[in-house]
Amino acid sequence: MTDDVDRNRRHFLTVATAVTGGAGIALASIPFISSLKPSARAEAQGAPVEVAVGSLEPGEMIRVLWRGRLVFVLRRSEEMLSRLSLVSKYLDDPNSSNADQQPNFAVNEFRSRKPEILVVEGSCTHLGCAPLEQFEVGPAADWYGGFFCPCHGSKFDLSGRVYKGVPAPTNLRVPPYRFIQDDVIMIGVDSGAA
Ligand code: FES
């Protein structure tokens, strides 16, 4: 078991090294979404945050802040969604049984209101590092794309579900949110319309 974890960790450290530069570029080149409302001051106080997702391409992810927390908003392609059932045997909580990690609406394979739009907190459930996106399949046989935490090697799938045998004890947390328009979500509330 330990050997397996170490081997996986070494593999992903290699992958992470390869993608860290790219991730840095992505962070620098993808500005925090410009349509954040209300004001930054209100946001800092914990007000809900609006995020426009209409311009997100399949496979594209943006990062926003809500209550000072990093939140990933990813538009998954049909092909990415098709991998979710393939990876479930490697996961510790594939059915989102831990009620603390998502609102009721996200207790499904997609862990989301709309299958294509994933909204998860970008905070590893081990010690809080920000996981890196690694959306491609492989080269490890059990890797179907998702998020890798380089701090201690935790792995999460494309729905933020944690792998077995890693330090992180739970799935990534899904914050409360709802769609206030077809292509606009509000993070911080989950009552009312879908
Ligand atoms: S903080 Fe992510 S694995 Fe430790």
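User: How many salt bridges does the structure hold?

Analyst: Keep in mind that this is a predicted model. One of the pairs is Glu 79 with Arg 83, whose side chains meet at 2.7 Å, N to O. Counting up the salt bridges in the structure gives six.

User: Is Glu 121 buried or exposed?

Analyst: The cut-off for buried is under 20% relative accessible area. Glu 121 has a relative accessible area of 8%, so Glu 121 is buried.

User: What about Arg 173, is this residue buried or partly exposed?

Analyst: Arg 173 sits in the loop between strand S7 (154-157) and strand S8 (177-181). Its relative accessibility is 30%, so Arg 173 counts as partly exposed.

User: How far apart in space are Pro 103 and Asp 190, C-alpha to C-alpha?

Analyst: Pro 103 is in the loop between helix H4 (84-87) and strand S4 (117-121). Leaving aside neighbours within four places in sequence, the contacts of Pro 103 are Val 174, Pro 175, Pro 176 and Asp 190. Pro 103 and Asp 190 are 87 residues apart in sequence, yet their C-alpha atoms are separated in space by 8.1 Å.

Methods:
Residues numbered from 1 in each chain as written. Predicted model: local features only at pLDDT ≥ 70, side-chain atom pairs only at ≥ 80, totals over all residues. Heavy atoms only, no water. Helix = DSSP H or I, 4+ residues; strand = E, 2+ residues; numbered from the N terminus. Contact = heavy atoms within 4.5 Å. Salt bridge = Lys/Arg side-chain N within 4 Å of Asp/Glu carboxyl O. Buried < 20%, exposed > 50% of the residue type's maximum accessible area, 1.4 Å probe, protein only.
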